[in-house]
Amino acid sequence: MINHRGPEFATLISDLTADLKKVFGTEGDLVLLTCSGTGGLEAAVANVLSPGERTLVISIGVFGDRFAEIATTFGADVVKVSFPPGTAADPQVVREALAHEPSVQTVFITQNETSTGVTNDLESLASIIKGEFDKTLVVDGISSIGSMRCPVDEWGIDIAISGSQKGWMSPPGLAMVSVSPRAWEVIGKSTMPRSYFDLKAAKESAEKGQTPWTPAVGVMFSLKEGLTLMLTEGVESTYRRHAHIGDLTRRGVQALGLELFADEPYASNTVTAIKMPEDIKWSALSNLLREEYQLVLAGGQGMLSGKLFRIGHLGWVSESDINHALAAIEKALASLRNDITLAPESP
Ligand SMILES: *Cc1c(COP(=O)(O)O)cnc(C)c1O
């Protein structure tokens, strides 16, 4: 490790911030927080809102619900607009909700809902939230920024959050949070209590090449490597690669006779959610895949437990990784089905 109050660290954090701002597409500020992605969500809530403030959260799944839970915990008066799992937010419904809630100042939304494998049409939604209603816009881009388009300044996003362990090819431990000039104005007026996650303190320290508290220095080294890979490949080409891998995964699972959980036009290019076939238990499939095929997939979260399983394909995932995964799923399903149909007949 290096001294996090020394000149080498100042160079590291300033290089990292400059590279991250390129990928986020922002000329505004960007701070690094030592925490998982959820810490970044909490930072947004604790810096932008005030106790009792009416606010709107658009949720299409577990992570949208998490934004609402954090804001409620902090004492905000949350109006949650939810859409059924597997679907994206309907712009017309969002427009109507905003028209009904004139006192709302800030809107929270997830770009890519990792729990259902759905990507919102954030460009259209942002044009309503910002363009038509001029609200402060906070985006959970944890599983999307760096892997698909999310040009922060172009779409008018005031606070965008990502996390090191998603598309950035790094271990968990850092959240990146972009902050627009308008967000700083709102933060200046916010009376929410905050301490560790004080964004103004993070910005002031960053100006001196530091962080307020000891940062995850080791993760920063990894993040620097991840960013070098992305910027060498070129961000547009990174997005195209994710779109291609997403498409390959979707076509592959459908060719196995499986159904996508997501409404297909909104299916995510970073994670594919697949409906659990009715004759197979997730626990049996996941154990077999892990033990026999060294393949670790994710199940459903919360209410979706047992109803779907998910293939993550963000960051350093190749065609051959996906092809291996699909082949393993095919064999595992066949062997589980044989067990079920053949077992009663065997002597
Ligand atoms: C992973 C994820 C989070 C939570 O991040 P943690 O690092 O687990 O705290 C939040 N939102 C989305 C969309 C995610 O994919």
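**Helix, ligand shell and selected residues**

A: Helix α1 is followed by G25, whose phi is positive, near 65°. The model is a predicted one, in which local features need pLDDT of at least 70 and side-chain atom pairs count only at pLDDT 80 or more, while totals for chains, interfaces and linings use all residues. Residues are numbered from 1 along each chain as its sequence is written, and side-chain values use heavy atoms, with hydrogens and water left out.

Helices (DSSP runs of H or I, at least four residues) and strands (runs of E, at least two) are numbered from the N terminus. Helix α1 covers residues 7-24, and its 18 residues should span 26 Å at 1.5 Å a residue, which agrees with the 26 Å between its end C-alpha atoms; the expected span is 1.5 Å times one less than the number of residues. Buried here means under 20% relative accessible area, exposed over 50%, and partly exposed in between, with a 1.4 Å probe and protein chains only. By that criterion F9, L12, I13, L16, T17, D19, L20, V23 and F24 are buried in α1. Their cover includes the strands β1 (29-34), β8 (159-163) and β9 (174-179), together with the helices α6 (152-155), α9 (217-233) and α10 (235-255), where contact means heavy atoms within 4.5 Å.

Turning to the ligand, 13 residues lie around it, and S36, T38, T114, D140 and K166 come nearest; a residue belongs to such surroundings if one of its heavy atoms lies within 4 Å of the molecule. The shell divides into 2 nonpolar, 8 polar and 3 charged residues, where Ala, Val, Leu, Ile, Met, Phe, Trp, Tyr, Cys and Pro count as nonpolar, Asp, Glu, Lys and Arg as charged, and the others, Gly among them, as polar. A polar contact is a pair of N or O atoms within 3.5 Å; within protein, one must be able to donate a hydrogen and the other to accept it, and residues adjacent in sequence count only if both atoms are side-chain atoms. An N or O atom in the side chain of S36 is 2.5 Å from an oxygen atom of the ligand, a backbone N or O atom of G37 lies 2.8 Å from a ligand oxygen, and for Q165 a polar side-chain atom lies 2.7 Å from a ligand oxygen. Of the 380 Å² that the ligand exposes when taken alone, the protein buries 89%, with areas from the Shrake-Rupley method and a 1.4 Å probe, and, for residues, only the protein chains shown counted as cover. The elements that give two or more residues to the shell are α2 (37-48) and α3 (62-73).

Helix α2 has 12 residues, which should span 16 Å at 1.5 Å a residue, in agreement with the 17 Å between its end C-alpha atoms. Because 10 of the 12 residues of α2 are buried, the helix is largely enclosed by the rest of the structure; G37, G39, G40, L41, A43, A44, V45, A46, N47 and V48 are the buried residues. In the loop between α2 and β2 (54-59) sits S50, which counts as buried at 16% relative accessibility. Beyond its neighbours within four places in sequence, S50 is in contact with K189, S190, T191 and M192, and its C-alpha atom is 8.4 Å from that of K189, 139 residues apart along the chain.

In helix α3, T72 counts as partly exposed at 48% relative accessibility, and its side chain reaches the backbone oxygen of A68 at 2.7 Å. V79 counts as buried at 16% relative accessibility, and its contacts, leaving aside neighbours within four places, are R54, T55, L56, V57 and E101.

The loop between α10 and β10 (271-275) holds N269, whose side chain is joined to that of R250 by a polar contact of 3.0 Å.

Finally, most residues other than glycine have a negative phi. D134, in the loop between α5 (122-132) and β7 (136-140), has a positive phi near 55°. Q294, in the loop between α11 (282-293) and β11 (298-299), also has a positive phi, of about 50°, and counts as exposed at 63% relative accessibility.
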